[in-house]
Amino acid sequence: MKACVGWRRFLFCFPLIFILPHLYSGVLELHQNQAVTDSPKENTKKFDVQNSSGDDAPKKITRKFDHLVLGPAAGEGLPNRLQCRGVKALNKTHFSNPSHPSSVGDGIAFVTVFTIYNNSPDALADGKPSNLVTVGNASYSKPERSIAILNVFINFIQVRMPQSNVIILTDPESDFSPHQNRVTVLPIQGEYSRDKLMLQRIRSYITFLDIRLEKLSQEQGHITHFIFSDSDIAIIDDLGQIFEKYQDFHVALTFRNNKDQPLNSGFIAVRGTRDGILRARTFLQKVLEVYSSKYMKASRMLGDQLALFWVIKSDASFDAKRFSKAQAFIKEIGGASVLFLPCATYNWTPPEGAGQFHGMPLDVKVVHFKGSRKRLMLEAWNYFSSSADISDMLCLILKSGRTKYDF
C-alpha cells in the first residue's frame, strides 16, 4: 500500500494489523448469534433441544411452540429424582403393577366435569388450516382438541388403573359420546359458560355426591371412593393406595409451597362411605359459599382455589407453614378430616417440576398438564403408546418442563 510508505505512515498503519482481525471476529460472532436466534423458525425436527447445562439459569421462553422442545432435566444428580439421558430414564420410577387391581377392596371412580364449546356441526367440521393443530398423525380443530385431551385422560386411567370407572359430569346440551369402556356420562343441569365453569364444577360435585348418597342404600356392602379431577391430568400410578394408607380422612386435597395459592383444585379425593360423602359435601358447600360471596371476580380462573384456601386458613388452629414441607398430613377442618397430599407426588406439573419440585420424584403418581401444556399431554401419550415405557415417557415430560405450547 502506497499510503503506508515511509516510517511515519508505517507507525500510523501498524495498529490496524491488530484491530482489523478483532473487528472481523466481532462481526462474524454477531452473525452467528443471529442465526441461532432465528433457527427455531426453520426447525422441522420432531424435537427441538435447548443446549444448556444444568448449571445455567433457565432462559425465559416467550414463544409458544407447535412441536416438542426439550431442555435440561431438572433434578439432575439429586437423590430420589428421575434421572434422564435424552428421553431415556437412567433409573426407574416406583410403580405398582397395573395388571392387578388395587389392593383396596373397594372400587375407585374418577369424576371430571367436561363440556364442549362451539359444538355445532360447522365448528366440529371446521378444517381451516388456521384453526387446526397437528399432533403426531392427527389434526384437531378447537373442539376436537378438548375431546382428544379427555380421551387421553381416560386412556391413562384405563392403562394404569384398569379396574376403575370414569364418570363425566356435563352440560345436558353437550353432545358427545365417549367410546371407551367403563365410562359414564352424567348430565347435570347448571351454568357451564366459560366465565362460570369453575363455579359450576363445585356445584356439579355437590349434586353428584347427593346422587351417590341416594344410591348408597341400594349398594349394601360395596363402596366406591371418588377422585374428582381435571381432565388434563395423566394417572401414572394406582391411586387406590391413598384410601388404604390413610384410612381416617374424608376429603383429600393437594398442596404446594405457594403462599397465595397453596391448594390446587384439580385433584380432590372423597372417601365413599356415607360419613365420608356427607362430610365432603358439607365441606364443598362451604367452599361454594365462600366462592360465591368473596371470589366471583375470579370466577373464570382460580376462584375455587382461593375459596378452598380461605376455608382451610379460617380454622384458627391451622398452620400454613406445613405447606412448606412436601409431607402428607391430616387436619380436622370444619367437621371434616382433611388429608393434605404433596403436589410433588399427587399433582406434579411440568413448570413446578422445573422449579420448586426440583425435578420429578420417583414415586410421582399424577402429572397435571396445566396451562399451555395440553399438546405435551397428547405428545406424551403418543410416545408412551409407541414405547410402552412409562419412565421414558416421564423423561420426555420432565425435559419439556420449561416450554409453553400452542395449546
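This tutorial dialogue reads selected features of a predicted model.

User: How many helices and strands does the protein have, and what share of its residues is buried?

Analyst: The model is a predicted one. Its secondary structure comes to 12 helices and 16 strands. Of the 407 residues in the protein, 49% are buried. Among contacts between residues at least 6 apart in sequence, 67% join residues at least 24 apart.

User: In what order do the strands of the open sheet lie?

Analyst: In general, the strands of a sheet pair through backbone hydrogen bonds, in either the parallel or the antiparallel sense. Here eight strands make an open sheet with mixed pairing, in the order 9-8-5-10-13-12-15-14. Strand 9 (183-187) and strand 14 (329-333) are the edge strands, each pairing on one side only. From one strand to the next, the twist averages 25°.

User: Which helix packs on the sheet with a direction of about 175° to that of strand 10?

Analyst: That is helix 5 (residues 197-216), which touches strand 5 (107-113), strand 8 (165-170), strand 9, strand 10 (224-229) and strand 13. Helix 8 (residues 303-313) lies across strand 12, strand 13, strand 14 and strand 15 (336-342), and runs at about 70° to strand 13.

User: In which sense does strand 10 pair with strand 5, and in which with strand 13?

Analyst: Strand 10 pairs with strand 5 in the parallel sense over five bridges, and with strand 13 in the antiparallel sense over four bridges.

User: Why is strand 10 described as largely enclosed by the rest of the structure?

Analyst: The general idea is that side chains in a regular strand alternate between the two faces of the sheet. In strand 10, Thr 224, Phe 226 and Phe 228 are on one side, with His 225, Ile 227 and Ser 229 on the other, and all are buried. Strand 10 is largely enclosed because six of its six residues are buried.

User: How does the span of helix 4 agree with its 19 residues?

Analyst: An α-helix has 3.6 residues a turn, so residues three or four places apart point the same way. At 1.5 Å a residue, helix 4 (residues 142-160) should span 27 Å, and its end C-alpha atoms are 28 Å apart, which agrees. Its buried residues include Ala 148, Ile 149, Val 152, Phe 153 and Phe 156.

User: Which residues have the most contacts inside the largest nonpolar core?

Analyst: They are Leu 239, Ile 242 and Met 393, in a core of 71 residues. Helix 4 gives the most to this core, with eight residues. Leaving aside neighbours within four places in sequence, Met 393 is in contact with Phe 156, Ile 236, Ala 380, Tyr 383 and Phe 384. Another core, of 46 residues, lies apart from the largest one; among its residues are Val 251, Ile 277, Val 290 and Phe 323.

User: How many aromatic pairs does the structure hold?

Analyst: A pair of aromatic rings is described by the distance of the centres and the angle of the planes. The structure holds 18 aromatic pairs. One of them joins Phe 318 and Phe 329 in a tilted arrangement, with 6.3 Å centre to centre and 35° between the planes. Phe 318 lies in the loop between helix 8 and strand 14, and Phe 329 in strand 14, so the pair ties together parts 11 residues apart in sequence. Both Phe 318 and Phe 329 are buried.

User: Where do Asn 80 and His 358 lie?

Analyst: Most residues other than glycine have a negative phi. Asn 80, with a positive phi near 60°, is found in the loop between strand 2 (68-70) and strand 3 (84-85). Asn 80 is exposed, at a relative accessible area of 55%. His 358 also has a positive phi, near 55°, and lies in the loop between helix 10 and strand 16 (366-368). At 48% relative accessibility, His 358 counts as partly exposed.

User: Is Gly 353 buried or exposed?

Analyst: Gly 353 counts as buried, at 0% relative accessibility. Gly 353 lies in helix 10 (residues 350-353). Leaving aside neighbours within four places in sequence, its contacts are Ala 74, Trp 348, His 358 and Gly 359.

Note on methods
Residues are numbered from 1 along each chain as its sequence is written. This is a predicted model: local features need pLDDT of at least 70, side-chain atom pairs count only at pLDDT 80 or more; totals for chains, interfaces and linings use all residues. Side-chain values use heavy atoms; hydrogens and water are left out. Two strands pair if DSSP finds at least two bridges between them. Helices (H or I, at least four residues) and strands (E, at least two) are DSSP runs, numbered from the N terminus. Axes are lines fitted to C-alpha atoms, for helices over the stretch in contact, and angles run from 0 to 180 degrees between N-to-C directions. Contact means heavy atoms within 4.5 Å. Buried means under 20% relative accessible area, exposed over 50%, partly exposed in between (1.4 Å probe, protein chains only). The expected span of a helix is 1.5 Å times one less than its number of residues. A nonpolar core is a set of buried Ala, Val, Leu, Ile, Met, Phe, Trp, Tyr and Cys residues joined through side-chain atoms within 4.5 Å. Rings of Phe, Tyr and Trp (its six-membered ring) pair if their centres lie within 6.5 Å; planes under 30 degrees apart count as stacked, over 60 as edge-to-face and the rest as tilted.
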